[in-house]
There are 2 protein chains.
Amino acid sequence: MRSYEKDPAAIYAQSFATVRAEARLDRFDPAMQAVAIRLIHACGMIDVADRLAFSFGAAEVGRAALAAGSPVLCDCEMVAAGVIRRALPAHNDVIVTLNDPRVPGMAADLGTTRSAAAVELWRDRLAGSVVAIGNAPTALFHLLELLEQGVPAPAVILGFPVGFVGAAESKAELSARPRGAGFIALRGRRGGSAMASAAVNALAAGLPGEPT
Amino acid sequence: MRSYEKDPAAIYAQSFATVRAEARLDRFDPAMQAVAIRLIHACGMIDVADRLAFSFGAAEVGRAALAAGSPVLCDCEMVAAGVIRRALPAHNDVIVTLNDPRVPGMAADLGTTRSAAAVELWRDRLAGSVVAIGNAPTALFHLLELLEQGVPAPAVILGFPVGFVGAAESKAELSARPRGAGFIALRGRRGGSAMASAAVNALAAGLPGEPT
């Protein structure tokens, strides 16, 4: 068996040092750098730094929202499972409505996916929230439709839906017309729940060992 | 707002058609094709098909193990959260030991990470199991150490640890010397819990709408 690093602190330090050495991070403010570094760390791909779209100050806005106690609204259980609860600054609620028993009926009534219907149940919690979408393009599209209807906007939308139907398109729509919300999104087909969780964790706690 | 596809069945069909059209799948047997397609679908990256390492018949072996009721052993909660429970063929146990209260003390005693120490608690369930590693290289390394000690091997190891310290190395070690276990792994730095879950779901249920 080859030897390998077993010390958690050394693993973290070496990981983040590699990311800093290889990634182009100079276009980001410090809070956004933490987001980019955690995203890269979560997926093992340096080049996601070059494909991030974000509104001015989005990471700072997201940090402030969490510090003020805003909820985290997730499109699926995997995103919620990846949020480090002890890192949240205000015991923030982490909410997933996808498996609410009302959702299948709502999806049928609305003629859409369960992921999109689940967003309907966020209406009362959206104002000033942190939204983390790591799976379903239809959830992001539906959220943008709600904002268009005048539902109060989240502080920040972390847009990481993934795949081949609607993922790139929903993130392009978010980036072009965020409808009053701050946003951080990975352009294109890539994304996923681990990235969405990593973005939340970066807003909550910055980087391990660094002041937030 | 641009128009977008809202029909879940159409989204699935179009997604998998895109994957089949763009990916090189001809080196895989049918069970392994389902794994590759679900992996690509989970991460949005066609080229992962070209970076999969696997033992002969690994996907078939994994399917048989699940059908026979073997447990799924996951290295973190996110992997378990992504396993579609209703798709499991035998109400299989999905086990995560990372947050067992014994783990921090074991990690300190062993001088390793919590993720590696958690694998110690798999000893009695490993024989013939399906192991899904979507986060920690040290969990995969530690598992290989257990196998080297003579602990009975899993049916298949789904190796998707991610990142910059040990991920590529642990998967290279698995591929070079699987120590009696079947395996499917993504070479290099990429990986993650969504891929590990997707591999389990492919073994459990094949592709949506296709006979398993």
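Modeller: Happy to! Chain A and chain B bury about 3800 Å² between them, and 65% of that area is on carbon and sulfur atoms. Buried area here is the accessible area (1.4 Å probe) that two parts lose on being put together, summed over both. Please keep in mind that this is a predicted model, in which local features need pLDDT of at least 70 and side-chain atom pairs count only at pLDDT 80 or more, while totals for chains, interfaces and linings use all residues. Residues are numbered from 1 along each chain as its sequence is written, chains are lettered from A and ligands numbered from 1 in the order in which they are written, and side-chain values use heavy atoms, with hydrogens and water left out.

Chain A brings 47 residues to the contact and chain B brings 47 residues, where contact means heavy atoms within 4.5 Å. Between chain A and chain B there are four salt bridges, each being a side-chain nitrogen of Lys or Arg within 4 Å of a carboxyl oxygen of Asp or Glu. In a salt bridge between B:Arg2 and A:Glu173, the closest N and O atoms are 2.9 Å apart. Eight residue pairs, both members at pLDDT 80 or more, are in polar contact across the interface of chain A and chain B. A polar contact is a pair of N or O atoms within 3.5 Å; within protein, one must be able to donate a hydrogen and the other to accept it, and residues adjacent in sequence count only if both atoms are side-chain atoms.

On the side of chain A that touches chain B, at least two residues come from each of H1 (8-22), H2, H4 (77-82), H7 (137-148), H8 (167-176) and H9 (193-205). Helices (H or I, at least four residues) and strands (E, at least two) are DSSP runs, numbered from the N terminus. H1(A) gives the most to this side, with seven residues. By type, the side of chain A that touches chain B holds 19 nonpolar, 15 polar and 13 charged residues. Ala, Val, Leu, Ile, Met, Phe, Trp, Tyr, Cys and Pro count as nonpolar, Asp, Glu, Lys and Arg as charged, and the others, Gly among them, as polar.

Now for the surroundings. Over all chains the count is 22 salt bridges. One of chain A joins A:Arg24 and A:Asp50 (2.4 Å, N to O). A:Arg24 is in the loop between H1 and H2 of chain A and A:Asp50 in the loop between H2 and E1 of chain A, so this pair ties together parts that are 26 residues apart in sequence.

H2 (residues 30-43) of chain A lies across E1 and E6 (182-186) of chain A, at about 150° to E1(A). Axes are lines fitted to C-alpha atoms, for helices over the stretch in contact, and angles run from 0 to 180 degrees between N-to-C directions. E1(A) and E6(A) belong to an open sheet of six strands with mixed pairing, in the order E1-E6-E5-E4-E2-E3. E1 (52-54) and E3 (94-96) of chain A stand at the edges with a single partner strand each, so one side of each is left without a neighbour in the sheet. E2 (residues 72-74) of chain A pairs with E3(A) in the parallel sense over three bridges; two strands pair if DSSP finds at least two bridges between them. A:Cys74 has A:Val96 of E3(A) as its bridge partner.
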